[in-house]
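Here are my notes on this one, jotted down as I went through it. Have the structure open while you read.

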Amino acid sequence: MWSGGNDANTKEREPLLPKAEYKMTDVSADRGKQRSAGSASASDDKKQDYGTHYDALYKGVDRRALMNTGADGLTSEESSYRLEKFGRNELVEKKVDKWKKLYLEFTRPMALMVWGAVMIETFEAIFESSSYWADVIVLIILQLVNVFVGWSEELKACNAVSALKKNLQLHATCKRDGKWKNILAAELVPGDRVLVAAGA
């Protein structure tokens with residue numbers, strides 16, 4: 001098992017242990033044995049619950065191994081390794097394809113109402129008078145113009161939000177290689193020693 005601190009006696013960093021080498025504590029079985037022996041107490045149960053929770057795995061790695069960081073913080077090598085293994089410290093943004101957005105514009109409530117009007121006018125043009133075809137054409141043109149304008153505006157809004165997120169990236173102060181450094185908050189990894197200060 002490795003730790004985040006520097007160890008002078010260790011030449012190479014040992015990798016994170018795979019999930020198979022860790023086992024969760026069976027609380028129910030242990031409690032049954034303790035009750036049968038008559039030596040368990042309420043405080044012992046609470047301590048065992050806390051230990052089981054703390055020993056839980058995070059993406060196949062014991063949490064104690066992740067949080068066992070030395071006073072000098074993680075090394076650059078270790079932080080890069082954890083960043084690759086656990087991913088960036090940010091929410092996964094759900095992106096919708098632009099062509100799917102165009103399809104959704106055709107299925108909005110207002111658009112469906114217009115399509116209903118187009119169908120009614122079409123039936124009237126077929127079974128009553130051909131003069132209704134002009135209304136059908138006008139409605140279809142208005143529908144297409146409305147859909148493409150709405151789709152274009154939505155794409156512009158999404159691009160503006162993306163640009164704003166890039167300009168407003170959050171930063172954090174953490175200890176790496178024994179020094180406090182200002183890095184992107186998205187690059188924080190489990191086990192980082194973070195400096196917390198009161199806001200203005």
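1. A word on terms before the details: buried means under 20% relative accessible area, exposed means over 50%, and partly exposed is in between, with a 1.4 Å probe and protein chains only. This is a predicted model, so to speak of local features takes pLDDT of at least 70 and side-chain atom pairs count only at pLDDT 80 or more, while totals for chains, interfaces and linings use all residues. Residues are numbered from 1 along each chain as its sequence is written, and side-chain values use heavy atoms, with hydrogens and water left out.

2. Aromatics. Rings of Phe, Tyr and Trp (its six-membered ring) pair if their centres lie within 6.5 Å; planes under 30 degrees apart are stacked, over 60 edge-to-face, and the rest tilted. That gives four aromatic pairs. Phe123 and Phe127 make a stacked one, 6.2 Å centre to centre with 15° between the planes. Both sit in helix α6 (residues 109-127), four residues apart, about one turn of the helix; helices are DSSP runs (H or I, at least four residues) and strands likewise (E, at least two), numbered from the N terminus. Phe127 counts as exposed because its relative accessible area is 65%, whereas Phe123, at 48%, is partly exposed. Elsewhere, ring pairs tie Trp99, Phe148 and Trp151 into a cluster.

3. Where does the charged end of Lys85 sit? Over the ring of Phe86, 5.9 Å from its centre. The rule here is NZ of Lys or CZ of Arg within 6 Å of the ring centre and within 35 degrees of the ring normal.

4. The largest nonpolar core has five residues: Ala172, Cys174, Ile183, Ala185 and Leu188. Such a core is a set of buried Ala, Val, Leu, Ile, Met, Phe, Trp, Tyr and Cys residues joined through side-chain atoms within 4.5 Å. Cys174 is buried because its relative accessibility is 0%; Cys158, at 30%, is partly exposed. The disulfide count is zero, going by cysteine sulfur atoms within 2.5 Å.

5. Do look at Arg176. This residue lies in strand β3 (residues 171-176) and is buried because its relative accessible area is 10%. Its side chain has a polar contact of 3.4 Å with that of Ser79 and reaches the backbone oxygen of Glu187 at 3.3 Å. A polar contact is a pair of N or O atoms within 3.5 Å; within protein, one must be able to donate a hydrogen and the other to accept it, and residues adjacent in sequence count only if both atoms are side-chain atoms.
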